[in-house]
Every structure is written in C-alpha cells, then in structure tokens.
Amino acid sequence: MNIILIGPPGAGKGTQAATLVANRNMVQLSTGDMLRAARTSGTKMGKMVAGVMDRGELVTDEIVIGLIEEQLTTADAEGGFIFDGFPRTLAQADALSDLLAKVGQKLDTVIQMSVNDDALVKRITGRFTCGNCGEGYHEEFKKPAVENTCDKCGETGTFKKRADDNEESLKTRLMAYYKDTSPLIGYYYAKGQLQQVDGLGTIDGVGAEIAKAMDNA
Ligand code: AMP
C-alpha cells in the first residue's frame, strides 16, 4: 500500500510514519530527511539547499522529485511507501503520479493530518531527536525515561534540535504550507483519494485513526 501523509510541519507525519515502518514493513520516504542527510554528508546539493531549509522555504521541485525518483526505482518496499513531506506542490504531485505509473505502482490513499496552528508551535519548538539513532522526543509529550539518554539506543548526550525548528522559520514553513501545499488537499479530494484524521490526539490514538483510514482505502 502506498500512502501520502499530508499536513503542516509538526502535524506528526514523521512520528506516524515511523510506527507504520515498524508495524507494517513500509518504507518511509521523507524528502526532509533525505535533504538533511545530504547536508550532513556535505554533498554539493546539500550545501546548495542548506540556507533555503534553515529559512523554512521550499527547495526546488527538481531536487526533491529527483530524490524520490531515485528511491522509487531502487528501494525494496514490501509493505509499500509512505510519502512524508512529499509532494508539497502541485508539480510534485503530478510528478509523483507519473513516477508511480513508471514503476508499475499506484497511490492508495492520501491521509490529511489536521492540527491547529497553536498546537504546531508548541509541538515544533519542543521537539528534539537522538543524533545517534534518530528517535524523536518532545520536552513535554515524550520525554526520555532517563534525562539526556536515548530510550531506544542508550546513547547519552546526543540529543539535538533541528535548525529550522524555531519560531521564525516556522512562520515561513507554515506560510509555504498554506500557499504551496494546502492546494493538494483539494487536488486529492477531487481525485477521491483524500481522507482526514484529527492529528491532535495521542500518538497511539492518531495511529489508530490512520490504520482505520488505510483499511478504508
Ligand atoms: P520537513 O522535514 O519535511 O519538515 O522538511 C524540512 C525542509 O526541507 C522544508 O522546510 C524544506 O525546506 C525542505 N523540503 C522537504 N521536503 C520538501 C519538498 N517536498 N519540497 C520542497 N522542499 C522540501
């Protein structure tokens, strides 16, 4: 099953994708993660997108479509793909549809995760991850059991925050979401592929809603 998780930054797309990867053998394709990996390894493209990402603006369609194409043609996804943070523009949505057709696959459903803007600020400014294994945490909603130690891999002192998880960049990211990405909700609705879940519940509660939406697809 191939699904898109769509929603503003902080809606919980990455968190829910991680659960689907663990439980359903799906492969998460997060263009944000791929771009951050390119920055960390210092590639030419990584250097090119660094400033754009830190400001919270969108990188070009060409770059992210290229990243997705590479994964779709090489990754082995037994349980299907979860598109997380892609597509973010109508051009990317059209490209995804062409790419899926090219590899003999289709999109099964698009799940919109809605969260109000006040909740997003709180979620984003409080989140951090383990620099070693990537496990996600939150200062209020998901604290590590032992301070400064990752529950998952046991490393200490590796917690880090994303450079764009600050109020200033978040404003730009939200603006980009409403301007460039939210039209995709109408686009997929018109195609009969959109389902909506309330993203404000607990991690498990939202996960159950997503599971229901996938069963309905
Ligand atoms: P994310 O991790 O999905 O919040 O993405 C972090 C940043 O990476 C975004 O603010 C953009 O600068 C860039 N980015 C990620 N995915 C895309 C995309 N599909 N299109 C354009 N820019 C993207």
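## Before you start

This is a predicted model, where local features need pLDDT of at least 70 and side-chain atom pairs count only at pLDDT 80 or more, while totals for chains, interfaces and linings use all residues. Residues are numbered from 1 along each chain as its sequence is written, and side-chain values use heavy atoms, with hydrogens and water left out.

## Around the ligand

Let's begin with the ligand. It is surrounded by 16 residues, and the closest are Thr31, Arg36, Glu57, Gly85 and Gln92 (a residue counts as near if one of its heavy atoms lies within 4 Å). By type, this shell holds six nonpolar, four polar and six charged residues; here Ala, Val, Leu, Ile, Met, Phe, Trp, Tyr, Cys and Pro count as nonpolar, Asp, Glu, Lys and Arg as charged, and the others, Gly among them, as polar. Helix H2 (residues 31-40) supplies the largest share, four residues. Helices (H or I, at least four residues) and strands (E, at least two) are DSSP runs, numbered from the N terminus.

Several polar contacts (N or O atoms paired within 3.5 Å) can be picked out. Thr31 places a polar side-chain atom 2.8 Å from a nitrogen atom of the ligand, and a polar backbone atom of Gly85 is 2.9 Å from a ligand nitrogen atom. From Arg162, a polar side-chain atom lies 3.0 Å from an oxygen atom of the ligand. Taken alone, the ligand exposes 480 Å², and the protein buries 96% of that (areas from the Shrake-Rupley method with a 1.4 Å probe).

Two strands pair if DSSP finds at least two bridges between them.

## A three-stranded sheet

Finally, an open sheet of three strands has the order S6-S5-S7, with antiparallel pairing. Its edge strands are S6 (136-138) and S7 (159-160), each pairing on one side only.

How values were computed:
A polar contact is a pair of N or O atoms within 3.5 Å; within protein, one must be able to donate a hydrogen and the other to accept it, and residues adjacent in sequence count only if both atoms are side-chain atoms.
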